[in-house]
Structure formats: structure tokens, C-alpha cells
Amino acid sequence: MNPIRDLWQSISRRDPLSTDKGKSELVFLNVWLHIHPNKVRPEGLKVKHTWYLGFITFFLFLVLVTTGIALMFYYRPYPQPAYQDMKDLQFVVFMGGFLRNMHRWAAHGMVICVFLHMCRVFYTGSYKRPRQFNWVIGVVLLLLTLGLSFTGYLLPWDQLAFWAITVGTNIGSYAPLVGARVRELLLGGHMVGEEALIRFYVLHVAVLPSLLVLLTMVHFWRIRKDGGLSRPVWKLKPQKAANLVHIGEPEPEPALAAVAAAPDKTYGLMEVVTGRPIFETVAPEEDEETVFSYPYAFFREGIALVVTVVTVMAVSLFWNAPLEEMANPAKTPNPAKAPWYFLGLQELVSHSALFGGVIVPALVVLALVGIPYLDSNPSRRPADRKWAIWIFTVFVIVNIVLIIVGTFFRGPGWSFVPPWVHVTAGAE
Amino acid sequence: MDRKLPQFFFALSLIALALLLAAIWQSSHPSWKLYQREYYKLESQGEPNAAAKAAIMDTSLEIHQELLPGLQRVDRCTTCHLGVEDPTMKDAPEPYRYHPNLAPHSPARFGCTVCHGGQGLATDKENAHGNVAFWEEPLLPKDYVRASCGRCHKEGDIPGVPELTEGRRLFETQGCHGCHKLNGTGGSIGPDLTAEGASQRSPEWLESHFLNPNAVSPNSPMPNFHFTKEQARALTFYMLSLTNEHMATYYASASLIPSSGYGRQLFTEKNCIACHSIGGVGAKEGPDLLGVAKEHSSEWLDEQLVNPQQVYPGSIMPAYDLDANARKALIAFMSNATAEDAQAILAQRGKPLTPEEAAIEAGKQDFHRFGCAGCHGVNLQGGVPNPNAQGGEVPSLLHVSDDYTKDEVIGIISDGKQPPLADPHKPPPPLYMPTWKTVLSQEDIQRIADYLWSIQPKKEAW
Amino acid sequence: MKRRSFLSWGAAGFGSLCAGVGVSLAAVLRFLTPSVFYEPPQSFKIGDPADFPYGPPTFLADEKIYIFRDREKGFAAASAVCTHLGCTVKFFQTDHHFHCPCHGSIYASDGKVLHGPAPKPLQWFEITLTRDGQLRVNKDRPVAAGYRLMVKA
């Protein structure tokens with residue numbers, strides 16, 4: 001009789017982790033962990049393949065949810081109080097400034113990471129059959145992330161927020177037929193005001209996060225169903241898998257035999273149906289080398305989580321989130337800029353409104369969604385897909401260059417001003 | 001690598017913990033706590049009794065704030081400036097020094113920033129004093145704090161701040177309205193000045209701007225009015241008082257201070273000297289008013305001003321319709337008025353004007369009040385530079401009858417005029433004649449024309 | 001050995017992570033504890049002693065207190081909040097009692113309950129003279145009913 005052990009076992013409901021059964025049950029019997037398979041292919045855990053960008057994006061989202069909920073306690077979505085609450089967070093609320101910093105920097109980080117994650121998936125060809133639809137969900141998640149960041153941008157109600165949203169929503173209003181309507185619907189008026197603030201607030205704290213959570217669940221579930229974590233299949237040599245290092249484990253145990261002999265197997269097919277599957281089987285083959293999720297995958301994920309949190313905390317400790325004067329509709333800063341991730345579009349809009357505000361963003365979204373269906377090349381080997389890689393790289397570079405130009409090289413009147421030249425605003 | 005994963009995980013967790021503790025430490029050590037500890041140390045030094053000393057040192061450290069919904073402010077200045085209301089701190093070092101002469105502007109009702117500027121919500125020195133990016137009202141330099149009196153006291157004479165009265169007078173008489181909007185009226189050539197005091201203009205900037213507009217804002221079309229240093233300072237005071245804040249009832253009720261200066265103005269306007277004398281100077285129909293405030297209480301005098309018959313049945317003094325502030329001001333004036341004042345008021349009266357003279361005088365006042373004088377000169381001399389206009393400057397009006405008939409001038413005032421270009425390839429001149437018919441009535445325009453004609457040199461008959 | 005060190009390092013990492021979460025929770029509690037109050041302050045000046053009349057107590061509506069002034073005994077401040085359910089009581093000159101409009105509690109002028117559901121007498125607050133000669137009431141410092149502040153004229 002050991003009540004403490006009984007208590008622990010009633011919670012954990014598994015064998016000790018030193019046994020393979022325990023490792024299995026840790027995943028299988030735990031509602032939070034069972035999105036993982038019991039065993040994973042070791043190549044999918046390689047840092048140099050995935051860079052853990054999907055995990056990091058998700059962990060940043062967790063940071064955003066936690067800090068965001070905390071900030072909601074001190075936020076009133078009405079112009080003057082909203083701004084005063086920012087000042088209170090900075091000056092009187094315990095850790096208020098730190099939490100706001102974390103929220104702001106994690107939000108920027110998430111936009112960057114979700115983009116980098118998309119690039120990684122493209123370069124490794126991980127969107128290909130059978131993962132086409134998960135790529136589409138990923139594109140929607142990217143748009144939701146941008147939407148979350150954009151709606152959050154307005155909430156401090158300072159000059160930066162007010163004019164970025166004014167400019168940003170005007171870029172959208174160039175869309176033919178519906179643009180002006182959508183803007184009116186979003187702002188609850190024709191200009192950014194208290195109506196817009198409450199609408200952006202509801203979108204930011206309720207609508208968009210719920211959608212994001214929902215689609216993230218589908219995104220993860222599909223990874224599992226479509227064959228698990230991405231891995232560089234083109235590099236695999238059949239024999240290499242057998243040489244994997246076994247860490248922290250005793251010498252090879254007769255595990256396989258034990259599993260095979262397990263008499264109390266609890267899973268089974270509900271029914272056997274006829275018909276051929278649309279997609280090929282994606283579960284690991286019997287003879288493929290796999291490792292237990294615990295500890296191999298979990299420790300790596302844990303490290304990614306802690307690295308993410310540590311980075312966000314370190315940045316927040318030393319750099320304050322920006323806060324300018326209270327929003328003043330009568331005073332336009334020169335130049336007024338959209339949030340940085342829309343500055344590429346603003347740059348294009350400054351040349352042609354129709355081109356930058358409508359055609360390019362529509363084509364980009366359509367092209368991104370269409371990639372897995374347009375790219376009929378079945379190979380994932382980079383050498384076999386030079387053209388695809390070239391085109392995508394050009395897209396990424398143009399995107400980055402436009403954002404850099406819009407952010408650092410545009411001065412008063414949207415004139416070209418290198419960042420090292422200091423320009424004073426013209427005389428009034 | 002794989003072998004080291006747990007160690008790595010542990011090390012990173014420790015770093016996370018350390019960063020968290022650092023953030024907590026940072027948040028629990030704000031600078032205002034140091035100031036409060038220092039203050040209580042200072043305060044306890046003055047206490048002879050050990051128990052009282054200990055009680056002071058035990059005061060909990062917390063943020064002090066004045067909630068000022070009527071001023072739409074929250075001022076936390078007293079978190080560090082703890083001695084402002086404690087006379088024993090009158091020689092203490094800043095930020096603890098006593099603020100003398102606060103009454104009736106108690107901090108609980110007025111806070112600090114409405115007069116001093118700065119960022120009331122902030123709790124560290126740099127931010128609170130407002131000399132940081134993105135705060136538009138930094139602390140006003142000591143010499144200019146009195147300009148803030150004009151935020152509430154918007155009318156009449158403000159005792160102790162002659163600069164404001166003078167600044168307002170200059171603004172009304174030098175034609176500033178011609179180019180600048182203030183509270184919705186005025187021209188559109190220059191910037192709107194309704195909230196000039198709320199933007200990040202330093203008093204130094206404003207002062208040098210008034211002395212020479214082009215020195216601080218190059219290419220400004222604003223003419224150099226050749227103000228004296230004192231006048232530039234007076235205008236600066238006035239500008240600093242323009243913040244376009246909504247003052248709630250209580251603060252707005254003090255718009256006019258019942259000062260003796262205002263009383264004197266009323267005394268002159270209401271022509272009291274026609275019946276009363278002061279120290280023997282003036283008319284003898286009514287009683288002499290020298291020392292009247294010593295003989296009677298101010299309540300009695302107030303009653304007398306409301307209803308003379310009630311106090312003195314059969315008094316011939318009419319009941320003037322004076323509001324409470326005006327009565328207070330008159331009483332304030334009477335309590336220190338002397339024979340010299342009466343002399344000056346008599347001299348000011350002059351001889352009455354004929355209806356024609358009165359109309360021309362009204363035209364002259366309109367000329368100044370609506371801002372014609374701003375460009376055409378207080379003495380109609382013109383001469384304000386206007387690049388690329390023919391002649392290069394705003395025309396003088398001293399000889400306007402040489403070039404135009406009176407009806408033509410009325411037409412130009414009514415509909416405005418773009419000055420003809422000297423060089424058609426250059427940009428149009430910055431100054432132009434605005435349309436006045438939307439602002440002025442036909443009679444006003446006629447009177448201004450009459451005024452202009454009244455000073456034209458008489459033409460020789462040929 | 002390998003397994004042991006692997007597990008214990010992992011456990012240590014997990015432990016320090018849990019410690020971090022614990023500290024975070026404590027920090028969140030402190031974050032949620034208000035540092036400033038957007039309500040009338042608990043300790044406030046009520047003005048010059050000379051402003052208060054002798055005789056019936058002066059009611060200060062915003063602060064919800066009655067200020068008593070007595071020639072012999074001096075100043076006292078009584079709460080105007082009924083101890084039953086928090087309604088504001090009113091002093092009647094006719095019977096020199098405080099009456100609560102909500103459930104009919106009646107208090108004597110010294111705050112004692114005479115009638116009704118009120119469980120406790122009215123609260124009295126410390127009243128002091130500040131160094132600039134003003135009266136200050138501190139609602140954080142309750143005092144006994146007999147507490148008086150004598151101000152030399």
C-alpha cells in the first residue's frame with residue numbers, strides 16, 4: 001500500500017517511462033499528447049530539416065494567448081481610456097509593460113515565423129501529395145495571423161496605431177466592387193474611430209483567435225494523418241536508419257518481440273470496408289526505423305518551447321513596445337505607414353493603387369493556395385525542382401525587398417530616403 | 001547531441017527562470033520608491049519623538065494620484081513631490097519642496113499638469129517631466145507656467161499675468177485673425193491656432209518665431225511684425241494658453257476673474273463717473289466712493305449694486321444688470337480706487353462722437369479685429385513681402401482711391417482677389433485676399449470701405 | 001548510468017519549468033492586484049476647519065461622510081454608509097438620528113443602532129490636522145466613537 005504511488009498512478013495511468021509500454025502509454029493515454037504518434041521517424045526530428053518553425057509559431061501563439069488574456073484585464077476598448085490603459089500598463093501595473101512588450105514582440109515574431117515556416121515547407125516540397133490540403137490550411141493560417149496582428153495593431157490607440165490602420169484599410173478598399181463595403185463593415189464607419197476600435201477588439205480577442213485555434217487543430221491533425229513530420233526523404237539511405245544512436249536507453253531490448261507478443265492489444269478496426277484508398281498508405285512501414293515520441297520528440301519540442309519563451313522574454317526585457325502620442329485624426333504623421341508586413345503592398349500602392357491594392361495581393365493569395373495543385377512534379381528532391389525553387393525564391397526576395405524599402409527607405413511624402421540620411425519635416 | 005538534450009533543456013529552463021526573475025525585479029524596483037523612501041527619511045528627521053519617527057518610516061510606499069475627471073487628467077506627480085502641501089518642507093530639496101501660494105488651486109482639485117505641463121500618468125522622472133518622444137506637453141519652463149492661467153481664465157484681466165492680457169490684445173488688434181483660425185473663426189492662410197499650446201512647441205521657439213517668423217520656419221509667408229521682446233513674450237504666453245481643452249463646469253466658471261482691473265473697465269463702460277466721484281474727482285450727484293469699501297461690507301455693496309432702492313429707498317441710482325462676477329469686480333475696484341483713477345477715467349472719456357465718426361471708428365475696429373491689419377498694416381502701410389505678386393508685397397491702402405472706386409473696393413473685399421502674378425511661370429504668391437462676404441455683413445464691409453476713404457488724402461480738384 | 005542521468009536531468013529541467021510556472025502565477029496575481037484605484041481616495045483633505053459649522057453635522061456627498069463639529073469636543077467624522085447593506089444614511093435634524101432609506105435602520109447621533117436590521121454602529125474615521133492647517137479624514141483608519149480632534153482656533 002503506497003497511497004502516493006496510487007495517487008500518481010490514478011493520474012498518470014501508465015507504466016514507468018523506463019519501459020516501452022510506459023513510453024507508449026504516455027502518448028496514447030494522454031489527451032494533451034495523443035496528437036503525437038507513439039513512435040516517430042527520427043529524420044523528422046532533424047533541426048536542419050524543419051528548423052522547428054511550425055512548433056515555434058505555435059509556441060509564440062501560446063505566448064500571445066497567455067499574455068493577451070492578462071492584458072485584457074487592463075484594457076478598455078474606447079479611444080481615450082484605451083490609450084490611458086497603455087500608459088497605466090507602462091507606469092503603474094506590476095509587470096504591465098513587460099507583458100505588453102512580450103505580446104507585441106511575440107506578435108511580430110509569429111508573423112515572421114509563419115512566413116519562414118511556409119518557405120521551409122515549400123523548399124522541402126512538403127506540400128506535395130498527400131499534403132496539398134494542409135498547405136491550403138497553412139495559407140489560411142498565415143492570413144489569420146496577419147489579421148490578428150493587424151487588428152491588434154489598432155488597440156493601443158496611439159498615432160502609430162491609428163494611421164497604420166487608416167492606411168492599411170485603405171489599401172484594402174481598392175478592391176473593386178466590394179472594397180469600400182468591406183472597409184465600412186470592418187470600421188463600422190468611413191474612418192477609424194471608436195466604432196472601429198470595438199470591432200477590431202472583438203475580432204482580435206474572440207473571432208480570429210477561435211478560428212486560428214480551430215484551423216491549427218486541423219493543421220496538426222492532418223500532419224499526423226498525412227504521414228507525420230516532414231523529413232528529407234531524398235536523402236534517406238535504406239540502411240542508414242539502422243545506425244541511429246539510441247540515447248538514454250539500455251542496450252537493445254527484445255522490445256519488438258514483446259510488442260508482437262502483447263496479448264492485451266486494445267486497438268482494432270471498427271469495420272472492414274471495400275474500395276481503394278485515394279492516397280497511398282502513409283503510416284510507417286513495419287520495417288521502418290522509428291523512435292518513441294518520448295523522449296526523442298518531446299524533449300526537442302520542450303527545448304523549442306523554452307527557446308521561444310526565453311527569446312521573447314529577453315527581447316521584452318530590453319526593448320519597449322512602441323507607444324506614440326494619443327491618436328489624433330487631425331494630425332497625419334508624414335509619412336503614414338501601414339504595419340510593416342503590409343509595407344510591401346503600400347510600396348506597390350504608391351506606384352499603382354489597382355496593381356498594389358488589388359491585383360498583386362489577390363494573385364499572391366491565389367498562387368499560394370494553388371501551389372500544391374499547379375506543381376505537378378512529384379519529386380521532392382531539390383535538384384528535380386529547380387524552376388519551382390527559382391520562382392518561389394524570387395517571390396520571397398521581392399517580398400522582403402519591398403518591405404525593407406517601405407520600412408527603411410521611405411521618408412516624408414513617401415520619397416526615397418535612405419535610413420542614414422536624416423530628414424527634418426518641412427516648415428509649416 | 002541527442003545525449004545532451006535533457007541537460008540542454010534544463011539549462012534553458014534555468015535561463016527562462018532567471019529572465020522571469022529579472023523581469024519581476026525590474027517591475028518591483030521603480031524609481032519612485034527610492035524617492036518616497038528618501039522623503040520619509042527626510043520627514044522623520046524633523047520628528048523629535050521616536051514612535052512618530054517609526055510611524056513615518058513605516059508608511060507604505062504607494063503611487064499617489066489625483067483623479068481629475070473635470071480636466072480629463074490623472075496626475076501622479078505627488079508620488080514623488082510629496083511635500084507640495086507641507087509648509088515644513090519649504091526649504092527641502094526637490095522633488096520634495098513645498099509649493100507656496102497654492103490656494104485656491106488645491107492639488108486635489110487641479111492636479112499639477114494643467115498648469116505645469118508634463119505627463120501626469122507617468123511615474124518616472126524623465127517621462128513625467130515629459131521631455132520624451134511622443135509626449136506633446138513637456139514641463140513648462142518656470143517663467144512660462146503662468147501662461148497656463150489662460151487655460152481657464154479666458155476673459156478679462158488676469159491678476160499677476162499681464163502678459164496674457166497683452167497677448168490677447170495684440171492678437172485682436174494686429175490682424176492675426178486675417179490668416180489664423182482660432183476657435184473656428186479666422187482665415188486659412190496660416191495654421192489654425194486653436195490648440196497651439198497643446199502641440200510640442202517650446203516657448204523659446206514661439207518667442208523667436210514672433211520676433212522673426214522666417215528665422216525658425218523658413219519660407220513662412222507670415223510677415224515680420226517687428227514686435228518688441230515684451231510683445232513676443234506676451235504673444236507666446238497667449239499661444240501657450242491655447243490648448244482647446246474642454247473645461248468642465250467648475251473650471252469654466254472661473255473664465256473671468258472679478259479683478260479690480262475688470263472692475264475699472266466696467267466702471268468706465270457703465271459711466272459711473274457721470275454721477276459719482278472718487279476722492280473729489282468726478283460728478284457730485286451721487287456719493288463719493290473713496291473708501292466706500294471700508295465703510296460698508298462687501299455684502300452690503302453687492303446688495304446696493306443689485307437693487308439700490310432696497311438699500312436706500314428713494315435712491316436715484318438705477319439697478320444695473322450686473323452678474324455676480326461683475327459686481328465683485330466693481331467692489332474690488334472700489335476698494336482701492338483713488339482720485340488718480342477717476343482722473344484717468346475722465347480723461348479717457350473724451351468728447352462724444354458724431355454718428356458718421358462712430359461708423360468710421362467701427363470700420364476701423366473691424367479692420368483690426370477681422371485681421372485686415374495683419375497684411376495691410378496697422379497703419380494701412382502694406383509692405384508685407386508676398387513673393388511673385390506684382391510689386392512683391394501686399395499693397396498699401398493709403399492711396400487705394402487712386403486706383404479703385406469705393407464700389408470696386410467693396411467688391412474686392414466681398415469676393416476676394418488673387419494678386420496678379422509678377423512671373424506667370426513661378427508658383428502663385430502665398431498671400432491672397434480671401435472672400436469676406438461669408439464672414440462680414442454688407443454693413444461691416446461698407447464701414448471698412450468708409451474707414452479707408454476717411455483716411456485717403458483729399459484730391460485736388462482739377 | 002546513462003538512463004539515470006538522462007531521467008534526472010530531464011526531471012530537473014521539468015522541475016525548473018514548473019518553478020517558472022509557479023513564479024509566473026505569483027507574478028500574475030501581483031499583476032492583477034490593483035496598484036492604483038480609480039475611485040475617490042481613502043484618505044483625503046476636506047478643507048479648512050473654519051469652513052465647518054457648529055451644530056448639525058455637515059454631509060460630504062462624494063466622500064459619504066458626516067463631519068461633526070462641537071465647541072467643546074472638536075471634530076469627528078462618521079461614515080454615512082449603513083452597516084446593513086451599504087446604503088447612504090441621512091441625518092435628520094428633527095430627531096438627531098441617522099435614518100437609512102433602504103431597510104429603515106436608525107442610528108443615534110453617536111452612531112449606535114437604535115432600530116432596524118443594521119448589525120453594527122456606524123463607523124467613525126480618524127480625522128487629523130495636516131501641516132498646512134487642513135482637516136484630513138482617513139477611511140483606512142477606523143476609530144472608536146468617542147474620538148475627537150480639537151483644533152485650536
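**Notebook: helices and cores**

I began with what covers the buried residues of α23(B), and found α19 (355–369), α21 (400–403) and α22 (406–415) of chain B included. The model is predicted, so I noted that local features need pLDDT of at least 70, side-chain atom pairs count only at pLDDT 80 or more, and totals for chains, interfaces and linings use all residues. Residues are numbered from 1 along each chain as its sequence is written, while chains are lettered from A and ligands numbered from 1 in the order written.

Helices here are DSSP runs of H or I, at least four residues, numbered from the N terminus. Buried means 20 or more other C-beta atoms within 10 Å of a residue's own, with C-beta atoms placed from the backbone. In α23(B) I listed B:I445, B:R447, B:I448, B:A449, B:Y451 and B:L452 as buried.

Of its 104 residues, A:L60, A:A106, A:M110, A:W157 and A:A161 touch the most other members. Helix α6 (residues 96–123) of chain A gives this core its largest share, 13 residues. Another core, of 23 residues, lies apart from it and has B:C149 and B:L242 among its members.

Last, I checked a helix pair. Helix α13 (residues 260–269) of chain B packs against helix α17 (residues 324–336) of chain B at about 95°, with the axes 7 Å apart. α13(B) is therefore roughly perpendicular to α17(B) (angles of 65 to 115 degrees count as such). The residues of this contact (C-beta atoms within 7 Å) divide into 8 nonpolar, 3 polar and 1 charged.

Methods
Buried ≥ 20, exposed ≤ 12 C-beta atoms within 10 Å, placed from the backbone. Helix = DSSP H or I, 4+ residues; strand = E, 2+ residues; numbered from the N terminus. Contact = placed C-beta atoms within 7 Å. Core = buried A, V, L, I, M, F, W, Y, C linked by C-beta atoms within 7 Å. Axes fitted to C-alpha atoms, helices over the stretch in contact; angles between N-to-C directions. Parallel < 35°, antiparallel > 145°, perpendicular 65-115°, else oblique. Nonpolar A, V, L, I, M, F, W, Y, C, P; charged D, E, K, R; others polar.
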